[in-house]
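Here is a short note for a colleague who is meeting this structure for the first time. Please read the points with the model open beside them.

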Amino acid sequence: MNQPFPIGKSDIIGVSGRKWEKMFTGQYQHNLDTKNRLTLPSKLAEALSTNIYLSKGFDECLEIRTEAEFNKYSEKLLSYSSNSNDVRKIQRVFFSMSSKIEIDSNKRILIPTNLLEISGITKAVILVGVGETIEVWDEEKFKKYLNEATKQYEIVAEKIAGGKNEK
C-alpha cells in the first residue's frame, strides 16, 4: 500500500502571537513494549512537559495533550451546561477516559489498559501530530483511515471552505 505521507517526518513549530505555542505535525511509527509502554520520539518528548494527559479521541484513536492544552480543553467542555444530556455524555466519556501520565526518563509512557481496549491498540502504533494534540493510533486502523480520508481530502476541504474560489 502506498503511503500518502512518509512516516517518520515531523515538525514541531513554535508560533508566536498565534493560538498555538507548539504545533505538532507528522507521523511516527513505534511499537508498544511488553508492559504496554510507548516510547515517544525524541522530538515529541522534548516538546512535551513531564506530565501529559492521554484521552479517548475520535475515530478510535487516543489523544495526547500537554497539561496546559488539557486544561484549556477541559475548561471549554465544562463551560457547557450540564443540563444537556449530550453535554453530560461528552463530559463523562472524556473525563472518565483521560489519564494524567508521566513521561519517564526513557521518554516512555504507560498506556492504561482501558485506553488500549477502546482504541484497539495492541502493538504497532502510529503517532500523528494534529496541531495541538498528538494522536495515538493502532497502525492498521490509521492506514485504513488515512487511505479513506486521503481519497476525500479535496472534497472535504471544499465543503469546509464553502465552495471553490472564483478566479
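1. Start with strand β9, residues 124–130. β9 is mostly covered: five of its seven residues are buried. Buried means under 20% relative accessible area, exposed over 50%, and partly exposed in between (1.4 Å probe, protein chains only). Helices (H or I, at least four residues) and strands (E, at least two) are DSSP runs, numbered from the N terminus.

2. A word on the source. This is a predicted model: local features need pLDDT of at least 70, side-chain atom pairs count only at pLDDT 80 or more, and totals for chains, interfaces and linings use all residues. Residues are numbered from 1 along each chain as its sequence is written, and side-chain values use heavy atoms, with hydrogens and water left out.

3. Now the partners of β9. β3 pairs with β9 in the antiparallel sense over five bridges; two strands pair if DSSP finds at least two bridges between them. Here Y28 stands opposite L127 in β9. β9 also pairs with β10 (residues 133–138), antiparallel, over six bridges. V125 stands opposite D138 in β10. β9 and β10 form a hairpin with two residues between them. In its turn, G131 has a positive phi of about 70 degrees.

4. What is the order of the six strands in the open sheet? The order is β3-β9-β10-β6-β5-β7, with antiparallel pairing. The edge strands are β3 (27–31) and β7 (98–102), each pairing on one side only. On average, neighbouring strands of this sheet are turned by 25 degrees against each other, direction ignored. Axes are lines fitted to C-alpha atoms, for helices over the stretch in contact, and angles run from 0 to 180 degrees between N-to-C directions.

5. N51 has E102 in β7 as its bridge partner. Helix α2 lies across β5, β6 (62–66) and β7. α2 runs at about 110 degrees to β6.

6. Look next at C61, in the loop between β5 and β6. Is C61 buried or exposed? C61 counts as buried, at 2% relative accessibility. C61 touches S55, K56, E135, V136 and W137, not counting residues up to four places away in sequence. Contact means heavy atoms within 4.5 Å. C61 and I126 are 65 residues apart along the chain, and their C-alpha atoms are separated by 9.9 Å.

7. Then the aromatic rings. The whole structure holds seven aromatic pairs. Rings of Phe, Tyr and Trp (its six-membered ring) pair if their centres lie within 6.5 Å; planes under 30 degrees apart count as stacked, over 60 as edge-to-face and the rest as tilted. One of the pairs is F70 with F95, edge-to-face at 6.4 Å centre to centre and 90 degrees between the planes. F70 is in helix α2 (residues 67–79) and F95 in helix α3 (residues 85–96), 25 residues apart. F70 is buried, at 7% relative accessible area, whereas F95 is partly exposed, at 31%.

8. Y73 and F94 also pair: the ring centres are 5.1 Å apart and the planes at 55 degrees, so the pair is tilted. Y73 lies in α2 and F94 in α3, so this pair ties together parts 21 residues apart in sequence. Y73 is partly exposed at 28% relative accessibility; F94 is buried at 6%. Y53, F70, Y73, F94 and F95 form one aromatic cluster.
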